[in-house]
Amino acid sequence: MTAEEKAKIEERIVEVLKTVYDPEIPVDIYNLGLIYRVELQDNGQLEVDMTLTAPNCPAADFIVEDVRLKLDGIEGVTEAKINLVFEPEWDKDMMSEEAKLELGFM
């Protein structure tokens with residue numbers, strides 16, 4: 001894959017991540033700051049490190065599976081591996097300005 005193709009796929013990955021929500025929070029996981037790393041290989045293999053707002057999140061399985069299914073559906077992604085990590089621990093400072101505004105933290 002060319003650098004241009006890779007950049008377009010990476011843009012699409014971010015777009016797709018912005019369609020995934022924790023059912024209890026009206027802000028997408030990307031703007032919440034739950035995505036720590038997105039690494040796309042030239043062969044289309046994708047690896048994502050993400051966290052949750054709390055380690056005991058009752059929707060954890062749903063959210064991770066939603067991410068995996070949506071990323072697997074992107075043209076150019078041959079496989080999506082989602083790693084659920086808890087370091088560094090998530091806090092509200094990781095949210096985008098838009099998310100803070102939406103949730104009343106500003």
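**Exercise 1. Which residues of α2 are exposed, and which are buried?**

Solution. On one side of α2, D61 and L69 are exposed, where exposed stands for over 50% relative accessible area, buried for under 20%, and partly exposed for what lies in between (1.4 Å probe, protein chains only). The model is a predicted one, in which local features need pLDDT of at least 70 and side-chain atom pairs count only at pLDDT 80 or more, while totals for chains, interfaces and linings use all residues. Residues are numbered from 1 along each chain as its sequence is written, and side-chain values use heavy atoms, with hydrogens and water left out. The buried residues of α2 are A60, I63, V64, D66, V67 and L71. Viewed down the axis of α2, these buried residues fall within an arc of 160° (taken from the directions from the helix axis to the C-beta atoms), so they line one face of the helix.

**Exercise 2. What covers the buried residues of α2?**

Solution. The cover includes α1 (3-17), β2 (45-50) and β3 (79-84); helices (H or I, at least four residues) and strands (E, at least two) are DSSP runs, numbered from the N terminus. From the side of α1, the buried residues are I9, I13, V16 and L17, and they pack against β1, β2 and α2.

**Exercise 3. Where is L40 placed, and with which residues is L40 in contact?**

Solution. L40 is in strand β1 (residues 35-40), and it counts as buried because its relative accessibility is 4%. Leaving aside neighbours within four places in sequence, L40 is in contact (heavy atoms within 4.5 Å) with M1, K6, I9, E10, I13, Q45 and L46.
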